[in-house]
Amino acid sequence: MVLLAASAASFSEVSALTSGVGGDRLRLFCMSITPFAADGSIDEEGLRTHLRRLVASDTGIYLGSGGAGEGHVLTVDELRLVYRIGVDEAKGRVPLYANPRESRSAAAMYEVARAAVDAGVDVVQIYQVDAGHGMIPTLREQEAYFNALLEKINHPVAISIHAYAGYAAPVGLMSLLCERFPQIEAVNVMGPPNSYFLALRDALPGSVRMYTGVTNLVQLLALGAAGALLAENNIIPETCNAILRAWESRDLEALGTAMSTVQRFTTAVSPWAPSTARWAKTAMKVLGLPAGNGVLRAPYLLPTEEDQKRMAADIRALHIPELQRVA
């Protein structure tokens, strides 16, 4: 068990143990924004430019998420366009995944997931059912929902266990699904406690990679995480990737520096969170990044000019080297 190894092993031994989970190297994924033109349509060239920047930094990509990607206000045809552009620009260069928005039925989730599969993304993520109105689905309802999807999606899949759902699928159910459906390649645990992550890591096959968020990434790397999903790397992908480089090189000082820098950046933008799209697009705008025109779709509104200046000053005060190059 990873827990027993971590309790007795040195930092280097734990790093070597966990970096091989799933047979792939550690990886950070960006929950990519969806750039819009001034008229609110998808900015195709802006999206291409943004994706090229992520590819150049060797960052994995998730497209069309309900948070950073504003997926809930995109039509299925618009999502198809996003997926097609993503495949054009990134497939075969970095891992390219789709993150269909949360849905309240298997049929609604399948419609968007099918569009991603048809476009040719590497992996499509499936959220737990978004029951709505405070309803928590029973175990039978959760199993029926996943069965309905996974019996139809013959394509590599990631499953998201996200705190925003309001519940976490039982470990036993996740273990059963991974046994029943070999196309499950990853599970993303975003928000549930570390004890849940570890119980899931112990129960699932080693071939199933597990990812988390950036806030507790170092802890969960020691418990078997294969990396993280985040939105900060829309703005500072090189700085975010420095966390994994330091972990892999067993450089504790560099690891602390990289983690503290990313945490300070997160703190600087946190007054405008949630939603992720609001702070991410505002940060890109005030820093003058490519595709950073700051256009959001309703109900989101760009922060006031005063707030934009405040965000810019707070971020610039961090003296992040890759942002100094942009300036």
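Student: What makes Lys 152 count as lying over the face of Tyr 110?

Tutor: Lys 152 is at 4.0 Å from the ring centre of Tyr 110. A charge sits over a ring if NZ of Lys or CZ of Arg is within 6 Å of the ring centre and within 35 degrees of the ring normal. Arg 297 likewise lies over the face of Phe 36, at 4.5 Å from the ring centre. This is a predicted model, where local features need pLDDT of at least 70, side-chain atom pairs count only at pLDDT 80 or more, and totals for chains, interfaces and linings use all residues. Residues are numbered from 1 along each chain as its sequence is written, and side-chain values use heavy atoms, leaving out hydrogens and water.

Student: Why is the pair of Tyr 62 and Tyr 97 called edge-to-face?

Tutor: Rings of Phe, Tyr and Trp (its six-membered ring) pair if their centres lie within 6.5 Å; planes under 30 degrees apart count as stacked, over 60 as edge-to-face and the rest as tilted. Here the values are 5.2 Å centre to centre and 85° between the planes, hence edge-to-face. The count by this rule comes to six aromatic pairs.

Student: Why does Tyr 62 count as buried?

Tutor: Buried means under 20% relative accessible area, exposed over 50%, partly exposed in between (1.4 Å probe, protein chains only). Tyr 62 has 0% relative accessibility, so Tyr 62 counts as buried. Tyr 97, at 5%, counts as buried too.

Student: What makes the pair of Tyr 145 and Phe 146 edge-to-face?

Tutor: Their ring centres are 5.2 Å apart and their planes at 65°, so the pair is edge-to-face. Both Tyr 145 and Phe 146 are buried.
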